[in-house]
Amino acid sequence: MKSYIIKTFGCQMNEHDSEILAGMLEGMGYMPSSGLEDAGIILLNTCCVRETAENKVFSLLGRLRRLKGENPELLIGVCGCMPQQDSMTNRIKRLFPYVDLIFGTHNMHRLPELLAKAFEKREPVGEIWPAPEGIIEGLPVKRKENIRAWVSIMYGCNNFCTYCIVPYVRGRERSRDPGDIVSEVTGLGRQGCREVVLLGQNVNSYGKDLEKVLDFAGLLERLETIAGIERIRYLTSHPRDFNDKLVRTIATSGKVCEHFHLPVQSGSNNILEIMNRGYTREVYLNLIERIKTLIPQATVTTDIMVGFPGEGERDFYDTLELVRQARFDSSYTFVYNARQGTPAATMAKQVSQPVKKERIQALIKLQNSLSLERNMEEIGRVQEILVEGEHKSSPGLLLGRNRGNKRVVFPGGKDLSGATVPVLITKAHLAYLVGEQK
Ligand code: SAH
Ligand code: SF4
Ligand code: F3S
């Protein structure tokens, strides 16, 4: 049965890795299956940033026991960030002995060899590399979307925020050669892609490790000239490294979108310091002010965590106050979750579950009211909307995004997919805007 399905958990980097895994599988002659039931290969590309992500994987693996029982030919593989921790690999092997293949983030390109070995040996195969061996170029990619494409510009992270597992499972920062990035984006422009999203755990450290140094602003300037590409976005940037040169480059660029995703994590200087974030609330708020002075239409989004060890009422109050001042367009909000092996996991004064719950609810309530307020401000404006396609549940309506990355729904024919059209915003909801073509 030459069909496969990949279930992806976690961030865009994992989503994009899954596109590469799919590319390799299709290169070997496998076809996508319509569901789990009729797949010959099931791959779980996993995330370990929080326990909730891991639990989803465990629950799916539990459900796969029956499928494997009914079809012993089925090959089940687990890859991505979870297996990069030895303790987790051992746990998966112990709890789910029917998993046939385990590999990590650094040896993803070895999928064809590993699969062949697993089929041949008919016993579990595991191969995890503790560290990467350089950057592998030229792997095939089966992209999920045509109009927007993810492009990795760097891998890994050197920041070691004290709560975060990512540097342990993704290794140190490595930048892709600018020439390779430019040729990938040029190819995408030729194939009809209109928007690229540059990926890295901390894109503004781009280039520091290159022989011939080129910084992130310099890379953006090079990508700006590529034909066919109308919009450039990037994920994620660290507030500490977001310098004035970069803000000015974005302000003058016609293609780099005016959307700033700047994870703040906390509004308390005490907590920011223990988190090892490298900035204060004042520095952060100054950066937002600088951005809004140079680019008044900019949208700003963030990631915020509540319940970091030692977070008291006063610290949480500072977070709420910062959110009010920054007036984020939207936030990804998280409850701190101890990750084994990170410094924060063994810190004293862990916050109790009920307090965390109370805080996350208060934070979400505040952010929702701000998001709606910010969205209402868009009413009456004519914006450039890049059409992504038909609205899935409402035929006759199109779904697109404005440059600020807000979703916009408006009437129109699907022949407009991939086009950029002017739309007058007429209504605002929490999660999207409504408009009509001008
Ligand atoms: N490299 C990116 C994102 C990393 S993970 C960055 O630095 O912004 C995405 C988000 O998950 C983080 O911004 C953080 O808010 C959250 N996160 C990371 N570790 C966490 C943990 N242990 N518990 C809860 N949330 C966490
Ligand atoms: Fe994790 Fe911090 Fe690196 Fe982001 S910058 S991936 S939060 S260690
Ligand atoms: Fe998760 Fe790995 Fe991304 S831990 S958030 S999938 S880098």
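**Close-up views of a predicted model**

Figure 1. F160 is partly exposed, because its relative accessible area of 28% falls between the 20% limit for buried residues and the 50% limit for exposed ones. The model shown here is predicted. F160 lies in the loop that connects β8 (154-155) with α5 (166-170). Its backbone has a positive phi of about 50 degrees, although F160 is not a glycine. Most residues other than glycine have a negative phi.

**Figure 2. The loop around Q265.** Q265 occupies the loop between β12 (259-261) and α9 (269-275). The residue is not a glycine, yet its phi is positive, near 70 degrees. With a relative accessible area of 7%, Q265 is buried, since buried means under 20%.

Figure 3. The bond from L235 to T236 is cis, and its omega is near -10 degrees. Most peptide bonds are trans. T236 belongs to the loop between β11 (231-235) and α8 (244-252).

**Figure 4. R66 in helix α2.** R66 is part of helix α2, which spans residues 51-70. Its relative accessibility is 46%, so R66 counts as partly exposed. The C-alpha atom of R66 is separated by 52 Å from that of G218, a residue 152 positions away along the chain.

**Figure 5. The whole chain as context for the close-ups.** The secondary structure consists of 12 helices and 19 strands. The domain assignment divides the chain into domain 1 (3-127), domain 2 (145-257), domain 3 (263-377) and domain 4 (382-437). Between the C-alpha centres of domain 1 and domain 4 the distance is 36 Å. Along the principal axes, the C-alpha atoms fill a box of roughly 60 × 55 × 50 Å. The radius of gyration is 22 Å, which agrees with the value near 22 Å for a compact globule of 438 residues.

**Figure 6. Contacts, burial and surface of the chain.** Of the 438 residues, 54% are buried. Among contacts between residues at least 6 apart in sequence, 74% join residues at least 24 apart. The chain has an accessible surface of about 19,500 Å², and carbon and sulfur atoms account for 52% of this area. There are 57 positive and 52 negative side chains, with the centres of the two sets 3 Å apart.

How values were computed. Residues numbered from 1 in each chain as written. Chains lettered and ligands numbered in written order. Predicted model: local features only at pLDDT ≥ 70, side-chain atom pairs only at ≥ 80, totals over all residues. Heavy atoms only, no water. Helix = DSSP H or I, 4+ residues; strand = E, 2+ residues; numbered from the N terminus. Rg over C-alpha atoms; globule rule 2.2 N^0.38 Å. Buried < 20%, exposed > 50% of the residue type's maximum accessible area, 1.4 Å probe, protein only. Contact = heavy atoms within 4.5 Å. Areas by Shrake-Rupley, 256 points an atom, 1.4 Å probe, with all protein chains shown as cover. Lys, Arg positive; Asp, Glu negative; His and termini not counted. Charge placed at Lys NZ, Arg CZ, Asp CG, Glu CD. Domains from an automatic or database assignment.
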